[in-house]
Structure formats: C-alpha cells, structure tokens
Amino acid sequence: DDMALSGQTPLLPPQGNSEARQILRVPSMYPTIMDAVRRAGMDDTVLVSPGHYRETLDIRDKVVEIAGEGKMQELLLEGRDGAPAMVQEGGFVRICNLLVKSTGNTGLEVNKGRLVIEDCNVSGSGVGLALYGASEATLRRSVVCRCHQCGILITAGSRAMVEFCSVFENGGKGILVTDPGSHLHLTRSMLSYNQGFGLAFDQEGEGSVEDNDLRNNAQGPLHCGVASLSKVEVGNNLVA
C-alpha cells in the first residue's frame, strides 16, 4: 500500500459519517495545539488561528489534521528549548499552512508513521524533516530551508514523495536518502544553494528524480554512492 508514492493526494482514512468529525479550534477552544490534539478523535481537524505557538507536538497513533487558518506568515509552530516542533510515532497526520521552526536536532520527526505536509515552511533545525522506521511522507508545495545539516533525511526503510517543493540554503545536503528500502520520488521541485549536494543517495537508498532544478549547490546537483547507483532513476533535471 504505497499511498505516499501513488501520485494521488493521500487522504485521511474515512472513519464513518463525516458529520461525526469534529473541528477543534486553537486557541478559542483549546489554548495550545497539543491540547487540541490530545482531545481529537479519529479523523478530526485541529484548526489553528494566527499566533506563535511554542510547543512540541507529541503525536502517537492518531489520525488527525492540523491546519493553519489565515496567512502562513502569521502561523508559527516552534519547538520549545531546542526540542522538535513535532514528533510523530505511528498514525497518520496531515499538516498544512504552517511555519515550522526548531533550534534542535530535528524540526519534524516521524517514526513508523504517515505524514502529509502541504503548503508549509520548515526551517531552522539540524534536519528539517527526519523519517525513520519505515515511515511514509508526502510533501507538496512546501519549503524546507536554512537547516544546519540537511533539509530532509529519509532513512531506515522510509519512503517519501516530494513534489512542487523548494529545498534550499541548508548547511549540508538538501535531501539525503540512505539505507536499504529507503525511497524518494522527487519531481517538479527545486533543490538549490545547499552547502552539500542538492540530493544524495547512499547505502542502497533508492528513488526516482525527474523534472527538477538541481542547480547551484556547493558540492554539485546529485551524488549516488556505489551501493545506490543501480537503484536510482534520473531524468530531465536541470543540473548546470
């Protein structure tokens, strides 16, 4: 069930009558996003009003959507005291229309879960998005920038689809795919002005890279380690 790689928008699994789904508003109903997430039922939506939310979302085995309401520039989720902005363990989470920042090792961290990110801006941490434990992620129309190490890390058999995104000005690689079974489908995106390679596959990481702009990275557009050479399909990218 490769929902994240099917080319279609992953939807939250339907759970009965849509009229039963609740909208939990922050801060008018709940003071913090995490308070609303704790009280959210299956397939509920947490709707976030403009503000600066200093907290770490610890989401375990939930099916929930977290959506900013208004201008993204006025909707900031920031991990407190160097902690990630969100740690997801299992479940299926969709976040959209949020600025996400952290000064810690990771901004968004997913283990054994499914995550959809749409219309977001992730910045400031060591790694913007880290996928572990055979997680799945879809990123659309989003920015991952100015992270100290790499923008997106796909490891431990995780899979990601990244389309219509910009990954730029990160301190190392734009995206790193590593470990057997880890897979990236990258299309119609820009990976530029990163201090390492724009994109790297290593240790049997695999994927397809088509119709992207990979120019203007300090170490070059794309690196494939020996164990990944036969596992990566590349076509029709801007590289020089």
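**Entry 1: pairing around strand 20**

Before anything else, a note to myself: two strands pair if DSSP finds at least two bridges between them. With that in hand, I looked up H183 and found that its bridge partner in strand 23 is E206. I am working from a predicted model, so I keep that in mind throughout.

I then followed strand 20 to its neighbours. Strand 20 and strand 23 run parallel and are joined by five bridges. Strand 17, residues 159-163, is also parallel to strand 20, again with five bridges. In that pairing I found E163 opposite T187 of strand 20.

Is strand 20 enclosed or open? I checked burial: four of the five residues in 183-187 are buried, so the strand is largely enclosed by the rest of the structure.

**Entry 2: a look at N212**

Next I picked N212, which sits in the loop between strand 23 (206-210) and strand 24 (220-224). Its relative accessible area is 3%, and since buried means under 20%, N212 counts as buried. I listed what N212 touches, leaving out residues up to four places away in sequence: L186, T187, R188, S189, N236, N237 and L238.

I turned to an open sheet of seven strands, paired in parallel in the order 3-6-9-12-15-18-21. Which strands stand at the edges? They are strand 3 (51-54) and strand 21 (190-192); each has a single partner strand, so one side of each lacks a neighbour in the sheet. From one strand to the next the twist averages 10°.

I zoomed in on the strand 3 end. Four bridges join strand 3 to strand 6 (residues 75-78), and the two run parallel. There Y53 stands opposite L77 of strand 6.

**Entry 3: salt bridges**

I counted 13 salt bridges in the structure. I started with E118 and R94, whose closest N and O atoms are 2.5 Å apart. This pair links distant parts of the chain, with E118 in strand 11 (residues 114-118) and R94 in strand 8 (residues 92-96), 24 residues apart. E118 has 4% relative accessibility and counts as buried.

R141 also forms a salt bridge with E118, at 4.0 Å from N to O. R141 belongs to the loop between strand 14 (136-140) and strand 15 (143-145), while E118 is in strand 11, so this pair ties together parts 23 residues apart in sequence. R141 itself is partly exposed, at 42% relative accessibility.

R141 meets D119 as well, with an N to O distance of 2.9 Å. D119 lies in the loop between strand 11 and strand 12 (121-123), so this pair ties together parts that are 22 residues apart in sequence. For D119 I noted a relative accessible area of 31%, which makes it partly exposed.

Which residues are linked in the network of salt bridges? I wrote down E65, R94, E118, D119, R140, R141 and E163.

**Entry 4: the whole chain**

Last, I stepped back. The C-alpha trace spans about 50 × 35 × 25 Å along its principal axes. I found that 55% of the 240 residues count as buried. The chain exposes about 10300 Å², with carbon and sulfur atoms supplying 47% of it.

Definitions and conventions: Residues are numbered from 1 along each chain as its sequence is written. This is a predicted model: local features need pLDDT of at least 70, side-chain atom pairs count only at pLDDT 80 or more; totals for chains, interfaces and linings use all residues. Side-chain values use heavy atoms; hydrogens and water are left out. Buried means under 20% relative accessible area, exposed over 50%, partly exposed in between (1.4 Å probe, protein chains only). Contact means heavy atoms within 4.5 Å. Axes are lines fitted to C-alpha atoms, for helices over the stretch in contact, and angles run from 0 to 180 degrees between N-to-C directions. Accessible areas come from the Shrake-Rupley method with a 1.4 Å probe; for residues, only the protein chains shown count as cover. A salt bridge is a side-chain nitrogen of Lys or Arg within 4 Å of a carboxyl oxygen of Asp or Glu.
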